[in-house]
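Dear colleague,

I am passing on a structure for you to look at, and below it you will find an account of what was found.

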Amino acid sequence: MSAATLYGLCAALLAALGLYGFVVQPHPLRKIVAFNVFGGGVFVVFGVAARRGAAAGFAADPVPHAMVITGIVVAFVSTALAVALLLRLHAETGRASLRLDEPGADERGDGA
Amino acid sequence: MSAGFVLDAVVAALLVAVATGAIAARTAFAAVVAFVAYGLVLALAWVRLAAVDVALTEAAVGALTGVLLLAAAARLRPSEAAAESELPSAGLRAAAALLCAVVAAGLAAVVLAAAEPAPTLAPLAAQQLPATDLGNPVTAALLAWRAIDTLLEKVVLLAGLLGVWSLAPDRLWGGRPGAALRARGAAPRDGALGLLARLLPPIGIVVGVYLVWTAADHPGGAFQGSTILAAMWVLARMAGFVDAPAVSDRRLRAALVAGPLAFFAVGLLGFAWADGFLAYPDGWAKPLIVAIEVPMTISVAATLALLLAGPPARGPESRG
């Protein structure tokens with residue numbers, strides 16, 4: 001097995017782990033972390049494609065690298081925006097929950 | 001089995017371990033700490049995949065993301081216990097695990113059944129590289145062949161910052177982000193943080209500028225350099241040496257848009273002196289790329305630093 005294949009299989013696992021955390025973890029901050037784990041896995045799959053594209057004296061295809069760099073930047077901006085939204089939600093409601101409560105749920109009190 | 005492959009196997013195993021930690025940790029704080037480790041190991045993986053430019057980006061951005069998430073985890077700690085009660089039922093978790101196993105199997109199949117020979121743009125890149133006067137093909141891809149991606153990425157950065165700012169309540173609009181400086185009295189100026197904030201920025205600023213300059217021929221880049229510059233500012237701000245500027249500050253606004261404006265200007269001039277939008281005339285590619293990168297570095301550093309600082313939290317009148 002080549003190193004590229006090894007990292008490809010590892011990336012598949014990382015993406016699955018991240019997706020699982022994104023679906024299952026109830027806390028929004030944990031979802032944001034999980035989504036970034038997922039994104040890292042997807043980027044590495046692309047990086048493996050670039051490594052396999054080594055040719056013409058380059059150790060890897062440089063064009064996917066440029067696109068992954070752009071992707072990492074956009075992922076950071078999205079993360080910053082998501083965290084800001086979450087902190088505002090927490091400041092407004094005192095909770096960090098994505099659950100859609102019926103009106104009046106706060107009066108019933110759910111332990112917050 | 002070569003030593004290199006053993007190293008790759010160790011890095012891959014570490015990646016899976018820290019990713020599991022980031023997903024399954026007991027507290028959000030522990031998850032974020034594992035995620036920071038994930039970013040560092042991921043940077044190692046990028047080096048092993050012969051993507052040093054990506055590794056630099058991952059390491060630099062990973063640090064900024066870590067600061068952002070750690071601060072949020074500290075603020076949100078009281079809300080964690082309530083969220084735990086919202087954990088989906090065992091059946092739902094099993095269904096999610098099954099879905100993720102299918103995704104992993106699909107991705108693994110794509111990796112194992114990849115086309116042979118692998119599709120690549122490397123020969124085309126090698127052929128076109130001399131026309132740009134650059135030695136680093138990744139920089140050429142970012143600022144010449146795929147410049148439109150990079151331009152739009154900078155616009156996304158600004159749009160993200162506007163999104164963060166727009167979360168400020170009306171009465172605080174135009175004010176300064178974040179809490180007031182704590183370091184008026186006996187705050188961390190004298191502690192380890194104060195020492196680091198004195199020691200690191202001179203080195204960090206040199207490294208950041210070097211990364212921008214060297215990117216023409218070696219791994220590095222305007223984005224990686226600006227990330228380090230932003231990190232230095234964040235460090236100085238955490239130690240209480242500098243305060244965040246008010247978001248209504250005109251000089252700040254000018255710094256934020258200088259890079260994208262220079263990029264757009266050079267792009268539009270391409271209609272006049274070359275083949276079209278973002279085309280460079282022969283022999284002028286390198287000076288024009290430098291002319292874009294310098295203001296871009298300032299803009300990106302300012303945008304990243306303010307993304308970390310968050311929305312305005314103190315009104316424009318308060319001096320505190």
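Predicted model: local features only at pLDDT ≥ 70, side-chain atom pairs only at ≥ 80, totals over all residues.

Arg250(B) is placed in helix 11 of chain B, which covers residues 250-273, and its C-alpha atom is separated by 37 Å from that of Ala43(B), a residue 207 places away along the chain.

For chain B the mean pLDDT is 87, with 94% of its residues reaching 70 or more. Within that chain, confidence is highest in helix 2 of chain B (residues 28-48), at a mean of 95, and lowest in helix 4 of chain B (residues 80-84), at 80.

Chain B is divided into domain 1 (1-75), domain 2 (88-119) and domain 3 (123-320), and the C-alpha centres of domain 2 and domain 3 of chain B lie 37 Å apart.

Turning to the contact between the chains, 75 residues of chain A are in contact with 81 residues of chain B. On the side of chain A that touches chain B, helix 1, helix 2 (28-52) and helix 3 (62-93) of chain A each supply at least two residues, and the largest share, 23 residues, comes from helix 3 of chain A.

On the chain B side, helix 5 of chain B (residues 90-112) deserves a look. Its 23 residues should span 33 Å at 1.5 Å a residue, which agrees with the 32 Å between its end C-alpha atoms. Cys100(B), Ala104(B), Leu107(B), Ala108(B) and Val111(B) are buried in this helix, and the buried residues of helix 5 of chain B pack against helix 1 and helix 2 of chain A.

Finally, the largest nonpolar core has 134 residues, and those touching the most other members are Tyr7(A), Ala11(A), Val33(A), Val37(A), Val83(A), Ala22(B) and Ala305(B). Helix 1 of chain A (residues 3-24) gives the largest share of this core, 15 residues. Leaving aside residues up to four places away in sequence, Ala305(B) touches Ala230(B), Trp233(B) and Val234(B).

With best wishes

Technical notes:
Residues numbered from 1 in each chain as written. Chains lettered and ligands numbered in written order. Core = buried A, V, L, I, M, F, W, Y, C linked by C-beta atoms within 7 Å. Buried ≥ 20, exposed ≤ 12 C-beta atoms within 10 Å, placed from the backbone. Helix = DSSP H or I, 4+ residues; strand = E, 2+ residues; numbered from the N terminus. Contact = placed C-beta atoms within 7 Å. Domains from an automatic or database assignment. Expected span 1.5 Å × (residues − 1). pLDDT = per-residue confidence, 0-100.
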